[in-house]
Amino acid sequence: MGALDGYRVIDLSIAMAGPLAAMRLGDLGADVVKVEPVTGEWQRHAPAGGATGNRVNASFLSLNRNKRSLAVDLKSEEGREIVHRLAATGDVFLQNYRPGVAERLGMDYETISAVNPAIIYVSMSGYGESGPYVSRPGQDILLQAMSGAMFSTGRDGDPPAPAGTYAIDAVTAYSAFEGALAALLHRERTGEGQRVSVNMLDAAIAVQMQELSIFTVGKVPQRRGREPHGHTYIRAPYGVFATKDGYLALGMPRLDVLAVALDLPEVAGMDGHAGRDEITAAVARRLPDRTTAEWLEICARHDLWAGPVYGYADLVADPQVRHNGSFVTYEHRTEGTVTTPGFPYRMSAGPPSVRRGAPLVGEHTRELLDELGYPAERTAELVAKGVLACAD
């Protein structure tokens with residue numbers, strides 16, 4: 001039994017942030033119903049990396065496990081009626097439509113809360129639900145760029161570089177997940193449903209609470225130096241350095257100890273902030289003298305914060321990753337045996353689990369309409385009319 005067993009989530013979201021938030025609720029046991037067009041959600045047709053799969057691509061598969069698919073045309077009156085009927089049975093309703101779309105489809109908070117006053121309605125957007133940027137596209141790299149974070153790394157004069165992951169999508173997803181859980185707890189105590197609004201811009205700002213406070217409270221300017229550096233507000237050396245056979249990550253070691261470990265006596269008395277460029281350059285000149293393994297052993301002996309720089313092949317083979325069970329392997333109806341990232345938390349009671357893989361388009365349409373009391377003949381009529389779609 002999962003921690004959220006017995007709760008129902010209606011997921012009308014697309015792409016990454018919304019589906020990831022809904023999937024986390026499903027991992028904890030909630031019955032997540034993915035409401036998607038009869039042609040399938042956008043992500044089904046836009047696989048990252050070209051990983052198309054058999055019938056379910058890797059992107060969609062990774063973000064939609066533990067869900068049932070209801071494929072329905074929300075532009076039809078019959079389709080809207082079905083989802084309203086579903087919403088009456090739900091606990092959380094989640095959408096990340098473009099501004100105005102939820103209202104046009106009758107999926108806005110006012111309509112859904114009239115159907116179910118106890119519903120937790122989670123609305124996700126790029127920049128907020130009003131204001132001068134309300135119509136701007138809310139895409140991950142655009143919000144990374146606007147967040148200011150890109151100017152906290154790298155070298156002055158080089159183009160700012162985006163993160164190697166969809167960082168803002170993920171942070172926004174976890175903000176929505178957190179907001180939904182908090183609202184459910186509030187409802188348990190008061191019986192009240194409510195609207196929870198999450199936007200990518202606020203999420204990108206909130207996750208930088210330390211960096212932005214250094215700027216707003218400490219009045220320390222965000223300034224990149226001449227040498228590549230991992231973070232403008234952390235003392236040197238801090239970043240990734242080339243070795244004889246690869247790379248080594250170093251995290252703000254004590255300079256007196258580093259001077260001994262690397263045989264760099266000139267850095268021992270330096271200030272890690274004021275001398276950032278000089279220290280970084282000295283370390284960068286020294287590390288190519290030995291292999292990564294040799295430097296890791298030396299750093300461990302001197303209790304310095306250092307680590308290897310992995311690619312994905314190294315990551316999945318790492319003994320600690322295997323020990324933790326960081327990835328989960330399960331059987332999928334059409335994709336066979338699949339291995340994907342698992343769960344970011346452990347629980348002694350009601351832990352997350354994989355109960356079903358990502359659904360085919362409309363795989364559970366008949367099952368869900370049966371639960372809502374629709375006769376099989378009526379469901380068949382709606383499928384023939386194109387209001388619904390069912391998987392083969």
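Analyst: A nonpolar core is a set of buried Ala, Val, Leu, Ile, Met, Phe, Trp, Tyr and Cys residues joined through side-chain atoms within 4.5 Å; buried means under 20% relative accessible area, exposed over 50%, and partly exposed in between (1.4 Å probe, protein chains only). This is a predicted model, in which local features need pLDDT of at least 70, side-chain atom pairs count only at pLDDT 80 or more, and totals for chains, interfaces and linings use all residues. Residues are numbered from 1 along each chain as its sequence is written, and side-chain values use heavy atoms, with hydrogens and water left out.

The largest nonpolar core has 28 residues, of which Val35, Leu70, Phe93 and Met107 touch the most other members. At least two residues of this core come from each of β2 (31-36), β3 (67-72), α3 (77-87), α4 (101-105), α5 (109-115) and α15 (365-371). Helices (H or I, at least four residues) and strands (E, at least two) are DSSP runs, numbered from the N terminus. The largest share, four residues, is supplied by α3.

Beyond its neighbours within four places in sequence, Leu70 is in contact (heavy atoms within 4.5 Å) with Val33, Lys34, Val35, Glu36, Ile82, Leu86, Thr365, Leu368, Leu369 and Leu388. Another core, of 27 residues, lies apart from the largest one and includes Tyr7, Met23, Ala30 and Val196.

Met23 is also among the buried residues of α1. Eleven of the eleven residues of this helix (residues 17-27) are buried, so α1 is largely enclosed by the rest of the structure. After α1 comes Gly29, with a positive phi near 110°.
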